[in-house]
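Please have the model open in your viewer, with the sequence panel alongside. The tour below goes stop by stop, saying what to select and what is found there.

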Amino acid sequence: MTTDFSSDKFQFVVENYREICYNIQNAKVKYGRESENVEIMAVTKTVAPEIVNAAIDCGVTLLGENRVQEYTAKKDFYRPCDVHFIGHLQTNKVKYIINDVKMIQSVDSVKLAGEISRLAVKNGKVMDILIEVNIGDELSKSGVDKRVALPLISEISCLPGVRVRGLMAIPPIGSRDEIYLKLKDLFENIKSEDIPGVSMDILSVGMSGDYEMAVKYGSNLVRIGTKLFGARKYMEV
Ligand SMILES: *Cc1c(COP(=O)(O)O)cnc(C)c1O
């Protein structure tokens, strides 16, 4: 049975998605990136599965999950869609997501990468990962120091069953251009190292408040929650 998702109930998701696509297209034109692809991820934390499904119906092809427990409770209710894990991930929880997500964007230690590697090999797969960089040097944020990114990627590149695809970052709210430029430079520098087994083709930066700025500085994957689904209903933990 198909529920009538086209009903007005979730019309706001359709309109929000349209507006985001329109703004990204404009930003691409404005910053000379028309020919490049910028993927839109729908960040689902606190959002009910039927509303997430409304986004998938609009054309969203990628979901972002922050919490293992919330994801495992919701995943069976989602329509078929690619999923990336984007939240802080404890080593002992990798086992709950290893067979369901296509990418883990929040890798910030050899220990975590090692566990992903171990379980990927055990399950006969290669897991794509991004290295999360604390580009604003914020004490409260996860992610590695930008100076550690390259050595960390070199070390992880030797592990079987994981493939580094690029970087992920959450710039501090209200960051100026230089922070985004710093991230872009770091990304380009690591890419130019041509580390065997490391592809550096994904720069995941930009959320509801800064996705146009992120497009300006080379993002090709923006992670949108609030602007797509509205303000989150309950406190984040
Ligand atoms: C919540 C979250 C987002 C989306 O944030 P919005 O400001 O609601 O768009 C993106 N990335 C990560 C890692 C998040 O935790």
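Start with the second largest pocket of this predicted model. Its lining is made up of 14 residues. Select Glu39, His84, Met103, Arg165 and Ile202, the lining residues that lie nearest the centre of the pocket. The space inside the second largest pocket comes to about 180 Å³.

Next, select residues 11–30, which form helix 1, and residues 49–58, which form helix 2. Two packed helices are described by the angle between their axes and the distance between the axes. For helix 1 and helix 2 the angle is about 45° and the axes are 9 Å apart. The two helices, helix 1 and helix 2, are therefore oblique to each other. Helix 1 and helix 2 make a right-handed crossing.

Show side chains at this crossing. On the helix 1 side are Phe12, Val13, Val14 and Tyr17, and they meet Ile51, Ala54, Ala55 and Cys58 of helix 2. Eight nonpolar residues make up the contact of helix 1 with helix 2, with no polar and no charged ones.

For the last stop, select helix 6 (residues 146–156) and helix 7 (residues 177–192). How do helix 6 and helix 7 lie, roughly parallel or oblique to each other? Their axes cross at roughly 20° and come within 11 Å. With the limit for roughly parallel set at under 35 degrees, helix 6 and helix 7 are therefore roughly parallel to each other. The crossing of helix 6 with helix 7 is right-handed.

Now display Lys146, Ala149, Leu150 and Ile153 in helix 6, which meet Lys182, Leu186 and Ile190 in helix 7. By class, the contact of helix 6 with helix 7 holds five nonpolar and two charged residues, and no polar ones.

Terms used
Residues numbered from 1 in each chain as written. Predicted model: local features only at pLDDT ≥ 70, side-chain atom pairs only at ≥ 80, totals over all residues. Heavy atoms only, no water. 1 Å grid on protein atoms, 1.4 Å probe; cavity = no way out; pocket = protein on both sides within 12 Å on 5 of 7 lines; lining within 4 Å. Points joined across faces, edges and corners; volume = space filled by probe spheres on them. Axes fitted to C-alpha atoms, helices over the stretch in contact; angles between N-to-C directions. Helix = DSSP H or I, 4+ residues; strand = E, 2+ residues; numbered from the N terminus. Parallel < 35°, antiparallel > 145°, perpendicular 65-115°, else oblique. Left-handed = near helix turned anticlockwise from the far one by under 90°. Contact = heavy atoms within 4.5 Å. Nonpolar A, V, L, I, M, F, W, Y, C, P; charged D, E, K, R; others polar.
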